[in-house]
Amino acid sequence: MEIMKKTTTVLFLLFCFLSQSVLLANAQNIPNEAEVYSQIRKEGMDNSQIMRTLYFFTDVYGPRLTGSPNHVAAANWAVKQMTDWGLENAHLESWDFEHPGWVNLRASGFITAPVQDSLVFEVLAWTPGTKKAVKGQAFQLLIPTTPSPNNPNFQLPPTQTELTAYLDSVKSQVAGKMVLVGRPGVVPVNITPPAKRLNDEDLKRRFDPSATPQAFPTPQPQPTPREGQLNFQQVGEQLDKFLLENKVLVRINDAGREHGQIRAFNNRTFDVTTTVPTVVMRNEDFGRITRIMADGTPVSLEFDIKNQSFPEKPAKQKNGVKQEYLSYNTIAEIKGSEKPDEVIMLGGHLDSWHAATGATDNAVGCAIMMEAARILKTIGVRPRRTIRVALWSGEEQGLLGSQAYVKQHFGSFEEQKPGYEKFGGYFNIDSGTGKARGMSIFGPPEASSVLREALAPFADFGFMGVISTRSRGLGGSDHTSFNQAGLPGIGVQQDPIEYGTHTWHTNLDTYERIIEDDVKKSAIIIASAVYVLAMRDELLPRYSREQMPTPPVQPTPTPSPTPTPRRP
Ligand SMILES: [Zn+2]
């Protein structure tokens, strides 16, 4: 009887608890995942705003160089647009770029003798203009290099004695000239173009944690440095000084790429007073000028370049305090209904290089992440955690905006801020127009399992899985600013399409290169992943204190004969 009574009581209590849970679930009105996924797919496919967002970021505001008024205008437009979509708390957050902004307003260049023709080139960022149209003879300056004995593909820089002797020998010839630096690169005609989509089977293996990892090809041997050799940066610094002191009119670098592609980066000092006006010329024009001169015929060139710095005249330092040059990250949120201080982030970098309008790098990434948030807002999900969009600046100069943000809001595993424990993951997309095919997350295998299971229903889009990484190395794109701090950064693997071969950092990176169907699918996949992380009971599993990998030691700049590594 006693037992019977107890059982009845337990059953009654269990019944009360269960009905309570059902009532709670109904009160929260949480639809099941499959239902939400189908709403996300429908909204993302039928009412996509990606191409409209892309249009504003590229055609209207591009290029968006860090520190330029164009970038700030694009960021302000994003704040207004995300507010109009119903996102909350949209605003800009400043960080100190430490350099003034810069834009090229216009630039023209011509060969005027022995033939007349227009030249194709881009201006190197953070270099001065020419003040007026300038004319001069072309001169080719060839810094002496030596092939590495153990790897003839590498050219080793000169020693100080060799460099000084060479510069002294050409000193009297460069004044008032247009100086072509180096020989034109030889770009062989490509008869085996790389695949534009990744192979399904390769990807399945790559994103399957139980598959045996693929062997990497053996890297080329690193060249052995010569005794007393300078490094390329030291040579570059001395060359800049030499060209300025000897009143060179314009410096011309070879783009060294096929089909008129030009990648123009920046003067490494970000200070326009440290270089002469500098352009990066397409390989075809650089080669033509070189061949005519090599045939013994003098070549005359003309350039007219107008650049502007922001602010034009930096304010004087006050009381020895260094002047700040602010740049801005763009932030907007969907506030969490239950755990608003737990945050799931998604983003990409809004800043671009200046040779084109930066469509694939990375206006489209920003448009995809804004779209993912818009979809979730529009279908009316009420996330338990806060969903936060971040459009970074300063990525192209070294992931600067995202690093500043992580430091300020979350700290790192070693120096945690209050937000550190409540952070639930950051999705980043930054590899062009190709659709999302997989992801890698900084965290233990249990973290990648969560996402792999959540995104399994997107196999029909070609999404192949999620793997874990232990690397806290900084580089590639902004998710590694989170990884470096020991936080779950999530990078998206995409189909290459024309990214590495044509658009990445080049003068060809425009609106036309975006495949709408691919970018819609990426936005749908990311919206779904963000939804799952914002709704599940627990935050993503993280490395325990004992498991947490140590961050790699940041390399100190030492003389090195290797060329500069890939820029982010
Ligand atoms: Zn990028």
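Helices and strands are named here as DSSP runs, H or I for helices of at least four residues and E for strands of at least two, numbered from the N terminus. In this predicted model, proline 114 is found in the loop between strand E2 (101-113) and strand E3 (117-118), and the peptide bond that reaches proline 114 from alanine 113 is cis, with omega near 5°. A cis peptide bond also joins glycine 62 and proline 63, where omega is about -10°, and proline 63 lies in the loop between H3 and helix H4 (69-84). Lysine 131, in the loop between strand E4 (121-123) and strand E5 (134-141), has a phi near 70°, a positive value in a residue other than glycine. Most residues other than glycine have a negative phi, and most peptide bonds are trans.

| Helix pair | Axis distance | Angle | Handedness of crossing |
|---|---|---|---|
| H3 (residues 50-60) and H9 (residues 359-378) | within 9 Å | roughly 135° | right-handed |
| H5 (residues 160-174) and H7 (residues 232-245) | 11 Å | about 20° | right-handed |

Because angles under 35 degrees count as roughly parallel, H5 and H7, which pack at about 20°, are roughly parallel to each other. Their contact is made by Gln160, Leu163, Leu167, Val170, Lys171 and Val174 of H5 together with Val235, Gln238, Leu239 and Phe242 of H7, and by class this contact has seven nonpolar, two polar and one charged residues.

H3 and H9, whose axes cross at roughly 135°, are oblique to each other. On the H3 side the residues in contact are Ile50, Thr53, Leu54, Phe57 and Thr58, and these meet Ala359, Ala363, Val364, Cys366, Ala367, Ile368, Met370 and Glu371 in H9. By class, the contact of H3 with H9 has 10 nonpolar, two polar and one charged residues.

Notes:
Residues numbered from 1 in each chain as written. Predicted model: local features only at pLDDT ≥ 70, side-chain atom pairs only at ≥ 80, totals over all residues. Heavy atoms only, no water. Axes fitted to C-alpha atoms, helices over the stretch in contact; angles between N-to-C directions. Parallel < 35°, antiparallel > 145°, perpendicular 65-115°, else oblique. Left-handed = near helix turned anticlockwise from the far one by under 90°. Contact = heavy atoms within 4.5 Å. Nonpolar A, V, L, I, M, F, W, Y, C, P; charged D, E, K, R; others polar.
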